[in-house]
Amino acid sequence: MRRSFLLAGLTAASLVVSVADASAQQRMTRIGVLECRGGASVGFIVGSVTHLGCVLRADGLPDDRYVATIRKVGLDIGITQETALAWGVFAPVDRLGPGDLSGNYAGAQGSASVGVGLGGNVLVGGSNNSIALQPLSVQGQVGLNVAAGLESLELRPGR
């Protein structure tokens, strides 16, 4: 179990450095915060699939809703009752229109729960891979779970 926590921490730290380098090459503006919530999830040792409802909150703009599907490949063992994620959204423009976050994102993730747990992940994608979902998202979950590996996020317009 300790190794899993260490692996998750090392993975997250290395991703922060790589995304920071990539972001420094292109001017990125913080657009807002993408908040996602979902129900129960079961890890199947080599991966999992989770469905979430999301909303982009940006100053001066109405909430922009999305449906998210997160797929993980790697170590993922356990059950979570609920999950909440929040990413800072960075783009090479000052504003995004409705549905502009739609697309596919990829990166790495790590999380652990014994009762209440935390996690982090790095995702880049969207329009021409130009949108970054904050180098480390904040993830809260309730359950018994440990996960580390690669993650993909598909965002579709929601209601």
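# Reading cross-links in a predicted model

Visitor: Which cysteine forms a disulfide with cysteine 36?

Guide: A disulfide is a pair of cysteine sulfur atoms within 2.5 Å, and by this rule the count comes to 1. The partner is cysteine 54, with the two sulfur atoms 2.1 Å apart. The pair links distant parts of the chain, 18 residues apart, since cysteine 36 is in strand β1 and cysteine 54 in strand β2; helices (H or I, at least four residues) and strands (E, at least two) are DSSP runs, numbered from the N terminus. Cysteine 54, at 4% relative accessibility, is also buried.

Visitor: Why is the disulfide of cysteine 36 and cysteine 54 called right-handed?

Guide: The torsion about its S-S bond is about 110 degrees, so the disulfide is right-handed.

Visitor: How many salt bridges does the structure hold?

Guide: A salt bridge is a side-chain nitrogen of Lys or Arg within 4 Å of a carboxyl oxygen of Asp or Glu, and the structure holds 5 of them. One of them joins arginine 57 to glutamate 35, where the closest N and O atoms are 2.9 Å apart. Arginine 57 lies in strand β2 (residues 41–57) and glutamate 35 in strand β1, so this pair ties together parts that are 22 residues apart in sequence. Arginine 57 is partly exposed at 37% relative accessibility, as is glutamate 35 with a relative accessible area of 31%.

Visitor: Which residues are linked with Glu35 and Arg57 in a network of salt bridges?

Guide: The network takes in Asp63 together with Glu35 and Arg57.

Visitor: Where do aspartate 94 and arginine 27 lie?

Guide: These two residues form a salt bridge, with their closest N and O atoms 3.4 Å apart. Aspartate 94 is in the loop between β3 (64–91) and β4 (103–125), and arginine 27 in the loop between α1 (2–24) and β1 (29–38), so the pair ties together parts 67 residues apart in sequence. Both aspartate 94 and arginine 27 are exposed.

Methods
Residues numbered from 1 in each chain as written. Predicted model: local features only at pLDDT ≥ 70, side-chain atom pairs only at ≥ 80, totals over all residues. Heavy atoms only, no water. Buried < 20%, exposed > 50% of the residue type's maximum accessible area, 1.4 Å probe, protein only.
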